[in-house]
Amino acid sequence: MGANASNYPHSCSPRVGGNSQAQQTFIGTSSYSQQGYGCESKLYSLDHGHEKPQDKKKRTSGLATLKKKFIKRRKSNRSADHAKQMRELLSGWDVRDVNALVEEYEGTSALKELSLQASLARPEARTLQKDMADLYEYKYCTDVDLIFQETCFPVHRAILAARCPFFKTLLSSSPEYGAEIIMDINTAGIDMPMFSALLHYLYTGEFGMEDSRFQNVDILVQLSEEFGTPNSLDVDMRGLFDYMCYYDVVLSFSSDSELVEAFGGNQNCLDEELKAHKAVISARSPFFRNLLQRRIRTGEEITDRTLRTPTRIILDESIIPKKYAKVILHCMYTDVVDLSVLHCSPSVGSLSEVQALVAGKPNMTRAEEAMELYHIALFLEFNMLAQEETTVSKPACAAELSNSCLLPLSYI
């Protein structure tokens, strides 16, 4: 009725019987008749009883060499005796110094764990590349229209001029706001989707995968010859921040409404203002984006366009001190927080700083400045600055902790 598994040639069980030294284990495919697949059974012997002496010697020597390597690696990776080293280090210390060291280690460990949990809990900050992609998609604060194959592409003059030599020359011939420029491209095979992908590349520094034609090296060479080869996105945006070509907004600072009225049209106030681009600040900060969109709805933007004057945004210095403005703008253009600009020039002082000096308050420490800048970033909804500022403030906090401890830094 049933079939014994040992009768099949593909069985992996050892065959019992006969000379024990000749026992073998066979692993093979099932045997098929010629009217089936026409294949004969193939059996592979795993018995090493008949191997040559020199082959056995080679195998044994190879295993011995491998064993020696493992032993050597295990000895080299043996961890140091940290407890012994700590006992030798602390043998001549006072109890108070040891206690201070333990407290500092515990504080550092708690700070590290807090930082890790905060990084896991907070959402990922949007990078410059992602915000520039949204800027191209949603067309915030565009100031020029490109017409290609009867299709309008609203774009930003400053960004295209900073990224592409071709557009820098083309846009300089039509400086008026809202100009319509008809595109005439010599490179063959460029249609509307491909032109849109090209603009997306200038905004973000990467080609989308939806158009496989950009994988064609010949087309890329022709485009580079006609449009020029742009630098990386961060390099060109840093150049835009340094030179502020085609800036269309200025940021000024005041403490109350009376000063806003007094310096609203005064040229002396213009010397204290910071230049920027609406496209960049609206892309990086929802606070500025909502502010600029409200100006468009109320008609104030039309007045600025008619007079061809940059839009002026007056900020309350009690909320956003002027000394942090350049740090904020620098991060918006580069995704880098540079606190060195806070103390590089006396002109970066703010009204709140002067009031603190008059009131006899001491100068702010670097950690206090970092925390104040962190709260400003939350107010502006600029998450990249907030998260980067959290990282920057850690060394400052650690330095102040070390200065306040009894333990000298030379002991750590």
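Visitor: Where do the axes of helix H9 and helix H15 come within 8 Å, and at what angle do they cross?

Guide: H9 covers residues 233–243 and H15 residues 325–334, and their axes cross at roughly 150 degrees. Axes here are lines fitted to C-alpha atoms over the stretch in contact, with angles from 0 to 180 degrees between N-to-C directions. This is a predicted model: local features need pLDDT of at least 70, side-chain atom pairs count only at pLDDT 80 or more, and totals for chains, interfaces and linings use all residues. Residues are numbered from 1 along each chain as its sequence is written, and side-chain values use heavy atoms, leaving out hydrogens and water.

Visitor: Why are H9 and H15 called roughly antiparallel?

Guide: The cut-off for that label is over 145 degrees. The axes cross at roughly 150 degrees, so H9 and H15 count as roughly antiparallel.

Visitor: Which residues make the contact between H9 and H15?

Guide: H9 brings Met-237, Arg-238, Leu-240 and Phe-241, while H15 brings Lys-326, Leu-329, His-330, Tyr-333 and Thr-334. Contact means heavy atoms within 4.5 Å.

Visitor: And what makes His-277 buried or exposed?

Guide: Buried means under 20% relative accessible area (1.4 Å probe, protein chains only), exposed over 50%, partly exposed in between. His-277 has 2%, so it counts as buried.

Visitor: Where does His-277 lie, and what is it in contact with beyond its neighbours within four places in sequence?

Guide: His-277 lies in the loop between strand E7 (274–276) and helix H12 (278–284). Among its contacts are Leu-240 and Tyr-333, along with Ala-158 and Asp-248. Leu-240 and Tyr-333 also belong to the contact of H9 with H15.

Note on methods. Helices (H or I, at least four residues) and strands (E, at least two) are DSSP runs, numbered from the N terminus. Angles under 35 degrees count as roughly parallel, over 145 as roughly antiparallel, 65 to 115 as roughly perpendicular and the rest as oblique.
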